[in-house]
Every structure is written in C-alpha cells, then in structure tokens.
Amino acid sequence: MKTSAVHRFVVLLLCVLTVAGTALAQSRRARSPDAPGDFSYYMLVLSYAPDFCAEPGGTKDNRECGSGRRLGFIVHGLWPQGDTSRGPENCGGSPVSQAIIQATLSYIPIPSLIQHEWTTHGTCSGLSAAEFFAALRKARNSVNLPPDLNQPSQQLQLSPAQVEAKLAAANPNFPAAAFRTSCYRDGELQEVRICVNKDLSPRTCGSSAGECRAPTVTILPVR
C-alpha cells in the first residue's frame, strides 16, 4: 500500500473510532440517573378518586376505591418539572420509613403509592425523604378545593377551563394559570395539577404541565 493510501486509511480509521466513542459516551449519559435538584418547579398532582376508581382495568385499592370512603381528590404526587419538559425521575434512594408513611396516609391513602412517589419523583427533589414529604403535605395544605369539586353529590359536566376557574377562585393568592387539568380518554376527570416554585410559592405552569383537550370532563359524585 502506498504511503498516501496508508495515511488516508489511518485518518479514516481515527474518524470512525472518534464517532463510535462519542456515540458510546452519549449512550452512557442517556442511561445515567437524572441529577437530583435539576428542575424548574414542582407540580402538585391531585388525582380525582371517583373517576379513577370507575375507570376499567387496573388494580383498584379499597383504601381509595372502597365503598363508603367518600374520597374526592387525593394527592398523587409532588413532581419536579422542567419549564418545557418533564422533570427528572428515578434518581435513586432508599425506602421511606414507616413514620413518614403514617404521616402521609391522610394525603396519599396507599402506602405503596407513597413509596412509588418517593422512588420516582421525590428522589429527584434534592431533599431527604422527610423533607420531601413535609413539602408535599405543606403544598397540599396551601390549596383550597371548592366543596362542589371535591365532594360533589351528583355528577358534574364542566369544561377544563371551568374546573380551573373554580380552583383559581378558591385560591386567589395563586395566579389563574397555576392550575391545569388532565382527563382520561373517556372524558372523565383524571387530575388537577397545581404549579409551585421550589419554595412552594405559587407560580404559573409551564408547557410541561399538560392540559386536557376534551371540551368537557365528567366528575362523578363521591361514594
């Protein structure tokens, strides 16, 4: 092989190795855990129990869905969010203590969901488990739920905008754009989402908070 041909071959080989090395490094970064604390704000997510329990399929726990529980909204979680993208998830961490579970059961009535929320979202907050669940409880306590939404005696049909307007009217210290709704494919209300800063002060939601696109949502009565 001539010298010039050898030179070209070596240059080509180096280029291939460089590209392969870069791709491998990017792949490793993509698989690495998210960094705790690397997010813009929190989204307090409140699941509407009657509509969740009426959805077909899936496991329904009697502590949420049992007859006579009369639960309206329960806390689904306090989720770290990016302004324009979902926040970090699954940042590692150990199981939460029984003391934390007991302190949180009146907010999240299922122990396994408490553990799930810590593993999936809380570990990315940069807080200890005790600090995170204290923040979750404080965030929930800062939000007023209108009784006609939280404990309706009959089925309601409202637009997402009407749901959000009711929440805004009950929480005048929050900006109106701090509230979002999500819905199931059948049009039943899934969640309301309330956006707060890292210090839990009210703020407007970013685009990552999502929005129900159905013209109306069904809100079943508590039972």
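Author: Gladly, and let us begin with one cysteine: Cys195 has a relative accessible area of 0%, so Cys195 counts as buried. Please keep in mind that this is a predicted model.

Reader: What makes Cys205 buried?

Author: The cut-off for buried is under 20% relative accessible area. Cys205 comes to 10%, and therefore Cys205 is buried.

Reader: How do you know that Cys195 and Cys205 form a disulfide?

Author: By the distance between their sulfur atoms, which is 2.0 Å. The limit is 2.5 Å, so a pair with this value qualifies as a disulfide. The angle about the S-S bond is 105 degrees, and the link of Cys195 and Cys205 is right-handed. Cys195 lies in strand S5 (residues 189-196), while Cys205 sits in the loop between S5 and strand S6 (217-219), so the pair ties together parts that are 10 residues apart in sequence.

Reader: Why is the link of Cys53 and Cys65 called left-handed?

Author: Here the angle about the S-S bond is -80 degrees, and the link is left-handed. The S to S distance of Cys53 and Cys65 is 2.0 Å.

Reader: What makes the pair of Cys91 and Cys124 a link between distant parts of the chain?

Author: The two cysteines are 33 residues apart. Cys91 is in the loop between strand S2 (73-81) and helix H4 (98-104), and Cys124 is in the loop between helix H5 (111-120) and helix H6 (129-141). Their sulfur atoms are 2.0 Å apart in the disulfide, and 100 degrees about the S-S bond goes with a right-handed link. Cys91 and Cys124 are both buried.

Reader: How many disulfides does the structure hold, and what pattern do they follow?

Author: There are four disulfides. Counting the bonded cysteines along the chain, the pattern is 1-2, 3-4, 5-8, 6-7.

Reader: Turning to the sheet, why are S2 and strand S4 (179-183) placed at the edges?

Author: The sheet is open, with four strands in the order S2-S1-S5-S4 and antiparallel pairing. S2 and S4 each have a single partner strand, so one side of each is left without a neighbour in the sheet. From one strand to the next, the twist averages 25 degrees.

Reader: How do you know that strand S1 (residues 41-48) and S5 pair?

Author: Pairing asks for at least two bridges. S1 and S5 have six bridges in the antiparallel sense, so they count as paired. Tyr42 stands opposite Val196 in S5.

Reader: Which helices lie on these strands, and at what angles?

Author: H6 is one of them: H6 lies across S1 and S2, and runs at about 120 degrees to S2. Helix H8 (residues 160-170) packs on the sheet as well, where H8 touches S4 and S5 and its direction makes about 140 degrees with that of S4.

Reader: And for the whole chain, what share of residues counts as buried?

Author: Of the 223 residues, 44% count as buried. The chain has eight helices and six strands. Its accessible surface comes to about 11600 Å², and 56% of that belongs to carbon and sulfur atoms.

Conventions. Residues numbered from 1 in each chain as written. Predicted model: local features only at pLDDT ≥ 70, side-chain atom pairs only at ≥ 80, totals over all residues. Heavy atoms only, no water. Buried < 20%, exposed > 50% of the residue type's maximum accessible area, 1.4 Å probe, protein only. Axes fitted to C-alpha atoms, helices over the stretch in contact; angles between N-to-C directions. Contact = heavy atoms within 4.5 Å. Areas by Shrake-Rupley, 256 points an atom, 1.4 Å probe, with all protein chains shown as cover.
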